[in-house]
Amino acid sequence: MRQESASPTRHLRVRRHRGHTVLEFRGEIDIASATEIAPHLDRETVRPGARVVIDLGGIEFFDCSGLRLLYRARSQVLDGGGQVHLVCTHPLTLRMLRITGLTRLLPPSPTLEEALGVSRPAGRRTGR
């Protein structure tokens, strides 16, 4: 179930989905946008037991400032005993995540549903 959404900056949209806070990064994520995003990211990720999904589906550019935001969010959520998931299909960003080893710490999923472990109804499963 979706709830209201807010765009605290033009580079970040925050919404609720299935009991999780979804942080949708948008546009170019560089040092300038990371400075705008950081306080809003902190507000959502430092809550004890936070359940967070970071969705990079709306990005056009992502540099090391974005990597720092991901690592920061992951650390803060885990320090508070929460869960954090990543949605990313952008090929260059996935490459950067692999090269830096961040995929081992924050494995990316291709969709929000897969990140949350939502599976198909039992009647639709294939395989034996």
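User: Leaving aside its neighbours within four places in sequence, which residues is Asp42 in contact with?
Analyst: Happy to start there, with the note that this is a predicted model, where local features need pLDDT of at least 70, side-chain atom pairs count only at pLDDT 80 or more, and totals for chains, interfaces and linings use all residues. Residues are numbered from 1 along each chain as its sequence is written, and side-chain values use heavy atoms, with hydrogens and water left out. Contact means heavy atoms within 4.5 Å. With neighbours within four places in sequence set aside, the partners of Asp42 are Arg72 and Gln76.

User: Where is Asp42 found, and is Asp42 buried or exposed?
Analyst: Asp42 is found in helix 1 (residues 31–45); helices (H or I, at least four residues) and strands (E, at least two) are DSSP runs, numbered from the N terminus. Buried means under 20% relative accessible area, exposed over 50%, and partly exposed in between, with a 1.4 Å probe and protein chains only. Because its relative accessibility is 18%, Asp42 counts as buried.

User: What separates the C-alpha atoms of Asp42 and Leu69?
Analyst: Along the chain, Asp42 and Leu69 are 27 residues apart.

User: Which residues of helix 3 meet helix 2?
Analyst: The axes of helix 2 (residues 64–79) and helix 3 come within 11 Å and cross at roughly 65 degrees; axes here are lines fitted to C-alpha atoms, for helices over the stretch in contact, with angles from 0 to 180 degrees between N-to-C directions. By class, this contact has five nonpolar, one polar and no charged residues, where Ala, Val, Leu, Ile, Met, Phe, Trp, Tyr, Cys and Pro count as nonpolar, Asp, Glu, Lys and Arg as charged, and the others, Gly among them, as polar. Helix 2 brings Cys64, Leu67 and Leu70, and these meet Met96, Leu97 and Thr100 in helix 3.

User: Which residue has its backbone oxygen 3.2 Å from a polar atom of the side chain of Thr100?
Analyst: Thr100 has its place in helix 3 (residues 91–100). With a relative accessible area of 47%, Thr100 is partly exposed. The polar side-chain atom lies 3.2 Å from the backbone oxygen of Leu97.

User: Which side chain makes a polar contact of 2.7 Å with that of Thr21?
Analyst: Thr21 lies in strand 3 (residues 20–29) and is buried, with a relative accessible area of 4%. Apart from neighbours within four places in sequence, Thr21 is in contact with several residues, including Val14, Glu44 and Val53. A polar contact is a pair of N or O atoms within 3.5 Å; within protein, one must be able to donate a hydrogen and the other to accept it, and residues adjacent in sequence count only if both atoms are side-chain atoms. The 2.7 Å partner of Thr21 is Arg16.

User: What is phi of Arg18?
Analyst: Arg18 sits in the loop between strand 2 (12–17) and strand 3, and is partly exposed at 46% relative accessible area. Its phi is positive, in a residue other than glycine, with a value near 50 degrees.

User: How many helices and strands does the chain have, and what percentage of its residues count as buried?
Analyst: From the N terminus on, the elements run β-β-β-α-β-α-β-α-α-β-α. That comes to five helices and six strands. Of the 128 residues, the part that counts as buried is 45%.
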